[in-house]
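Here's a quick tour of a ligand site and of the surface where two chains meet. Have a look at the model first, then read on.

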Amino acid sequence: MTYGLPLEWIVAVRFLYEGRLQTLFIVVGVSIGVGVIVFMSAMLAGLESNILKRVLTTQAQIQVIAPDQVARILRDPAREIEDATVQRPSQRLALIDQWQSIVRLLRDEPNITFVSPTISGSVLAIRGEASRSITLVGIEPDTYFRIVKIPDYVVAGHPRLTSDSILIGIELARELGARVGDKINITSANDGQRVLTIIGLLDFGNKSANQRSTYVALRTAQSVMGMIGGVTSLDVSLHDIYAAEDMAQTIMASHRVVAESWIKTNAQFFSAIQAQKATNTLIRLFVGLSVAFGIAAVLVVSVIQRSKEIGILRAMGTTRGQIIRLFLLQGGLLGFAGSLVGAVLGAGGLVYWHSVARQSDGGELFPLVLEQQLFVYTAVLATLTGLLAAMAPALRAAKLDPVVAIRG
Amino acid sequence: MADHLLRLERIGKVYHAGEPSQAEVLHAIDLTLEAGEFVAIMGPSGSGKSTLLNIIGLLDRPSSGKLFIQGQDTGQLDDAALTRLRGESIGFVFQYHHLIAAFTALENVMLPMVVDRGFPDLTCEARARDLIDRVGLTKVADHPATDMSGGQQQRVALARALVMTPQIVLADEPTGNLDSKSADDVFALMREVNTKSRTCFIIVTHNRSLAERCDRIIEVVDGHIRNT
Ligand SMILES: Nc1ncnc2c1ncn2[C@@H]1O[C@H](COP(=O)(O)OP(=O)(O)O)[C@@H](O)[C@H]1O
Ligand SMILES: [Mg+2]
């Protein structure tokens with residue numbers, strides 16, 4: 001016996017060791033349950049963070065546009081920005097009134113990190129014989145790149161925009177037969193025209209975006225479109241991205257604009273996540289329940305098998321409380337041991353699945369996120385489940401009449 | 001008036017009271033025992049000897065009457081207090097050894113002390129080793145408790161009963177399962193402890209010759225006692 005270790009611990013460990021086949025089976029059972037939970041939670045967290053990251057690096061968390069829009073930003077089901085505008089009857093872009101003062105006020109909001117004015121519209125890109133209709137987005141790189149991580153998508157050249165340079169998608173470049181350093185002609189409906197140098201090619205991982213999206217300096221776009229000083233949207237990023245919808249409402253209440261949060265424009269994504277989480281919770285609940293009943297079943301049998309020993313322990317002065325703790329402890333230990341093995345199983349399975357599961361383009365299906373927190377959380381939960389499951393057997397053991405138990 | 005070590009006043013026991021299977025096992029038993037007494041309880045099987053022993057050992061409560069241990073009315077004590085009193089002042093030796101298989105002989109002897117303190121320490125082990133030596137099991141101290149002969153197991157059980165230096169040791173047919181040589185050894189050992197430390201022994205036995213080596217024989221017949 002280890003000196004100083006409490007009686008309950010010593011006896012619990014000895015009992016579990018003595019009944020090692022039972023112990024082994026239930027630990028394996030608990031491990032499988034825990035493994036499934038760890039695997040599933042980590043994979044879902046990975047998928048969610050992946051999608052979230054993609055959404056948040058390709059669009060602003062709030063986009064402020066002019067009110068009474070006929071022109072609207074369209075999004076495809078994959079939620080990539082198409083940046084297509086539907087022209088209003090007036091053939092004019094919907095500019096935001098007094099945008100400078102709105103920008104100033106927004107920048108004072110504590111939850112707002114960046115505000116970036118942009119202008120976007122349809123123009124024609126011409127190179128030699130080839131011409132393509134594209135969406136020209138005029139940006140302030142300093143602020144815009146903090147919100148939409150354009151530099152991350154540069155696959156050739158660099159993203160440092162000047163007044164006569166342009167970033168275009170790789171698909172457009174291919175269609176125009178252009179490379180970095182080549183010049184293309186941009187023409188707008190208002191007969192504005194500029195020759196711009198391609199300084200970088202972008203790959204958004206989406207064909208239509210790669211065909212249509214082009215970025216130039218704000219002033220360049222304004223002058224091409226003949227809208228000096230005008231902007232069509234203010235892109236806003238936030239500290240607390242989940243406050244986006246509230247913030248959008250606040251902005252609409254105090255300015256004559258329409259503000260759309262990423263939460264609203266990605267409502268589908270959110271309801272999918274929500275459904276996943278609900279399923280996950282349900283699975284956890286049922287796995288937890290079956291783990292609990294498994295542990296309880298093993299302990300109930302153990303109480304019956306050990307009733308004589310319990311009687312002897314009681315005869316030698318063991319209190320009811322000590323007997324209760326003895327069995328609670330066995331439950332807790334089974335849960336804890338199962339959670340350790342299960343965490344290893346789950347993590348191992350995850351590493352394996354991560355290495356074999358690929359997206360159609362060969363990229364990883366989900367990032368490998370193995371948060372320490374998940375393991376601690378699972379271990380604590382499994383241990384608690386074990387303790388709880390042991391409650392009924394423990395009470396039963398404590399209620400055993402030592403006389404009857406010893407009589408056998 | 002000095003308190004008696006043990007006093008039973010009109011102790012009665014009824015099993016399944018109020019049910020058709022109701023059985024009155026003990027009838028108004030009066031009994032007084034003093035420190036240092038070495039007593040045999042005899043009687044036909046089913047006469048209520050074990051029931052009496054369990055009541056004295058605070059494992060069971062009487063249906064009527066009063067049990068005093070050193071003047072303390074045990075009817076006034078709650079379960080926790082009874083458990084404590086039992087742990088401190090009473091040692092048990094049962095017929096079927098009743099050692100805990102998950103522990104070694106030495107550990108079984110340590111257990112009552114560990115139960116009392118809540119954890120084992122050096123003094124527990126030293127005291128248990130001392131007792132193991134006294135019952136002649138030095139060589140097998142670290143063997144699994146149930147890997148021994150019946151006589152050895154019963155000596156371990158005796159050492160365990162003695163480890164808390166109880167005033168009373170209750171032995172329910174301690175030699176009933178042993179060959180006569182082992183029975184004799186165990187009995188001699190109990191007598192030795194009784195003489196040296198004035199521990200009161202109450203031994204249920206069917207062995208007339210062993211009983212006759214006791215100070216006093218109490219006959220239990222149909223739940224009544226007869227002193228001899
Ligand atoms: N827990 C119990 N419930 C009902 N009857 C019991 C119980 N324990 C003992 N008895 C009955 O009480 C009587 C005395 O039993 P016991 O004290 O074990 O006798 P002995 O030890 O002298 O053989 C027996 O008839 C037995 O069947
Ligand atoms: Mg009996």
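## Who surrounds the ligand

A residue is near a molecule if one of its heavy atoms lies within 4 Å of it. In this predicted model, the residues surrounding ligand 1 include Arg407(A), Tyr15(B), His16(B) and Lys49(B). Residues from chains A and B surround the ligand, so the two chains share the site.

By class, the shell has three nonpolar, seven polar and two charged residues. Helix H1 of chain B, residues 49-56, gives the most to this shell, with three residues.

## Polar contacts to the ligand

A polar side-chain atom of Thr51(B) sits 2.5 Å from an oxygen atom of ligand 1. With Gly48(B), a backbone N or O atom is 3.0 Å from an oxygen atom of the ligand. Tyr15(B) has a side-chain N or O atom 3.3 Å from a nitrogen atom of ligand 1. Taken alone, the ligand exposes 550 Å², and the protein buries 70% of that.

## Where the chains meet

Chain A and chain B each put 30 residues into their contact. Together they bury about 2600 Å², 66% of it on carbon and sulfur atoms. Of the area that chain B buries against chain A, 22% comes from His98(B), Val115(B) and Pro120(B), more than from any other three residues.

There are three salt bridges between the chains. One of them pairs Arg320(A) with Asp79(B), with the closest N and O atoms 3.1 Å apart. On the side of chain B that touches chain A, H3(B) gives the most, with six residues. That side divides into 17 nonpolar, six polar and seven charged residues.

Conventions
Residues numbered from 1 in each chain as written. Chains lettered and ligands numbered in written order. Predicted model: local features only at pLDDT ≥ 70, side-chain atom pairs only at ≥ 80, totals over all residues. Heavy atoms only, no water. Polar contact = N/O pair within 3.5 Å; in protein donor to acceptor, adjacent residues only side chain to side chain. Areas by Shrake-Rupley, 256 points an atom, 1.4 Å probe, with all protein chains shown as cover. Helix = DSSP H or I, 4+ residues; strand = E, 2+ residues; numbered from the N terminus. Nonpolar A, V, L, I, M, F, W, Y, C, P; charged D, E, K, R; others polar. Contact = heavy atoms within 4.5 Å. Buried area = accessible area lost by both parts, 1.4 Å probe. Salt bridge = Lys/Arg side-chain N within 4 Å of Asp/Glu carboxyl O.
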